[in-house]
Amino acid sequence: MKRGSADSKLARVKEIAQGAIGDAEKQELRNLLRRAQGAVVMKVALLAARRGLDELVPDLTAAFGRFMSLPAKSDSGCLAKVAIVEALNTLGHDHTPTFLQGIRHVQMEPVYGGRADTAAVLRGRCGAALARIDHPDARTELVTLLMDREVEARRSAVKALAYLGGESCELVLRVKVLAGDEEKEVTLDCLNALIEIAPEHSLEFVAGYLNSPDAALAEGAALALAETRSSEAYGILREHWDRNVDADTREMLLLPFALLRNDDGFEFLLDLVTEARGGIAATAVEALRIYRGDPARAARVSDAVSRRDDRAVTRAYAEAFPEAS
């Protein structure tokens with residue numbers, strides 16, 4: 001297809017998007033889905049999702065099938081296929097054949113220095129779709145996706161398993177954490193997912209990673225615990241604080257204490273602002289910035305800083321609470 005032809009079709013899609021979409025415009029969009037190249041179909045799919053054009057669903061799924069023939073040539077980067085799956089998700093449609101085909105699709109394309117798989121995002125979106133419709137094979141497919149070669153696909157699998165929830169997904173996520181992943185982001189996603197789907201049952205398991213020699217993993221575990229906003233999580237974080245006197249560990253714990261958003265965490269940080277050495281006190285003020293929208297607590301932070309009368313703490317307060325300075 002000539003470039004000019006593609007540009008004119010893209011311009012027409014943009015024009016349709018700016019006005020009312022009647023029967024005539026929908027037929028134009030159908031015709032584009034049936035014959036246009038990937039970039040144009042991507043725009044039509046995005047428009048269908050944005051405007052709720054359910055009537056185009058059969059044409060969207062047919063276009064997906066068309067792009068699975070010579071996929072790298074017809075839809076480089078899987079952009080159209082991803083947009084179609086996103087449209088089906090947004091419109092709330094169940095087209096299992098599309099989702100199953102997409103979650104298993106690998107699309108190798110030439111890149112500088114070799115070839116790369118460009119279908120990782122597609123596999124992830126299809127995994128999310130299977131979870132959304134709670135397909136009978138969703139968990140089986142997501143376990144496979146959790147071991148995908150591409151990190152983005154693995155991270156998508158974690159999110160989809162968290163969406164499904166339940167004991168089976170919890171166990172799979174635990175096994176993944178214990179087995180490890182070459183990308184720590186995947187392990188961190190798993191810890192957060194465990195807290196999301198089984199907070200009470202996962203507290204002790206996640207807390208075990210506070211002692212990880214990997215600082216990022218330890219911090220991620222602390223942040224995951226904070227998401228529970230529970231007194232139990234506060235107790236775990238406080239015990240870890242008491243057992244570790246090195247400054248780096250203690251500074252890492254300050255934001256999680258704030259993110260608990262409970263009285264225990266707030267009062268602990270406020271005591272640090274008043275009594276701790278300058279560096280810790282200043283970092284505690286920075287963590288307390290999340291309370292800028294809470295007038296009562298923000299006023300107590302201001303009072304504690306004023307009574308402390310410490311230059312570093314006052315400077316941290318001016319940066320964290322600029323509207324009050």
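Is Ala 320 buried or exposed? At 0% relative accessibility, Ala 320 is buried, where buried means under 20% relative accessible area, exposed over 50% and partly exposed in between (1.4 Å probe, protein chains only). The model is predicted: local features need pLDDT of at least 70, side-chain atom pairs count only at pLDDT 80 or more, and totals for chains, interfaces and linings use all residues. Residues are numbered from 1 along each chain as its sequence is written, and side-chain values use heavy atoms, with hydrogens and water left out.

Ala 320 lies in helix α20 (residues 311-320); helices (H or I, at least four residues) and strands (E, at least two) are DSSP runs, numbered from the N terminus. With residues up to four places away in sequence not counted, Ala 320 touches Val 285, Glu 286, Arg 289 and Arg 292, a contact being heavy atoms within 4.5 Å. A separation of 31 Å lies between the C-alpha atoms of Ala 320 and Thr 187, which are 133 residues apart along the chain.

Val 285 also belongs to the largest nonpolar core, where it is listed with Ile 84, Leu 191, Leu 225, Phe 257, Leu 269 and Leu 272 among the residues with the most contacts inside that core. This core has 111 residues; a nonpolar core is a set of buried Ala, Val, Leu, Ile, Met, Phe, Trp, Tyr and Cys residues joined through side-chain atoms within 4.5 Å. Beyond four places in sequence, Leu 225 touches Ile 195, Leu 203, Val 206, Ala 207, Leu 210, Ala 233, Ile 236, Leu 237 and Leu 260.

Two of these partners of Leu 225, Leu 203 and Val 206, are among the buried residues of helix α13 (residues 199-207), which also include Ser 202, Phe 205 and Ala 207. The cover over the buried residues of α13 includes α11, α12 (184-197), α14 and α15 (231-243). In α11 (residues 167-179) is Glu 170, which counts as buried at 6% relative accessibility. Glu 170 is in contact with Leu 194, Ile 197, Ala 198, His 201 and Ser 202, leaving aside neighbours within four places in sequence. Helix α14 (residues 215-226) contains Ala 215, which is exposed, with a relative accessible area of 58%. Ala 215 is 131 residues from Ile 84 in sequence and 40 Å from Ile 84 in space, C-alpha to C-alpha.

Helix α4 (residues 57-67) has Val 57, Asp 59, Leu 60, Thr 61, Ala 63, Phe 64 and Phe 67 as its buried residues. These pack against α2 (23-35), α3 (38-51), α5 (71-74), α6 (79-91), α7 (96-103) and α8 (120-132). Arg 66 lies over the face of Phe 67, at 4.6 Å from the ring centre; a charge sits over a ring if NZ of Lys or CZ of Arg is within 6 Å of the ring centre and within 35 degrees of the ring normal.

Aromatic pairs number eight, under the rule that rings of Phe, Tyr and Trp (its six-membered ring) pair if their centres lie within 6.5 Å, with planes under 30 degrees apart stacked, over 60 edge-to-face and the rest tilted. Phe 266 and Tyr 291 form an edge-to-face pair, at 5.1 Å centre to centre and 75° between the planes. The pair links distant parts of the chain, 25 residues apart, with Phe 266 in helix α17 (residues 263-275) and Tyr 291 in the loop between α18 (278-287) and α19 (295-308). Both Phe 266 and Tyr 291 are buried. Arg 297 lies over the face of Phe 266, at 4.9 Å from the ring centre. Elsewhere, ring pairs link Tyr 234, Trp 241, Phe 257 and Phe 268 into a cluster.

Strands β1 (residues 108-111) and β2 (residues 114-117) run antiparallel and are joined by four bridges; two strands pair if DSSP finds at least two bridges between them. Met 108 has Asp 117 in β2 as its bridge partner. The hairpin has two residues between the strands, and Gly 113 takes a positive phi near 90° there.

The structure has zero disulfides, a disulfide being a pair of cysteine sulfur atoms within 2.5 Å. The sulfur of Cys 169 has its closest cysteine sulfur in Cys 190, at 11 Å, which is too far for a bond. Cys 169 is buried at 1% relative accessibility, and Cys 190 is buried with a relative accessible area of 0%.
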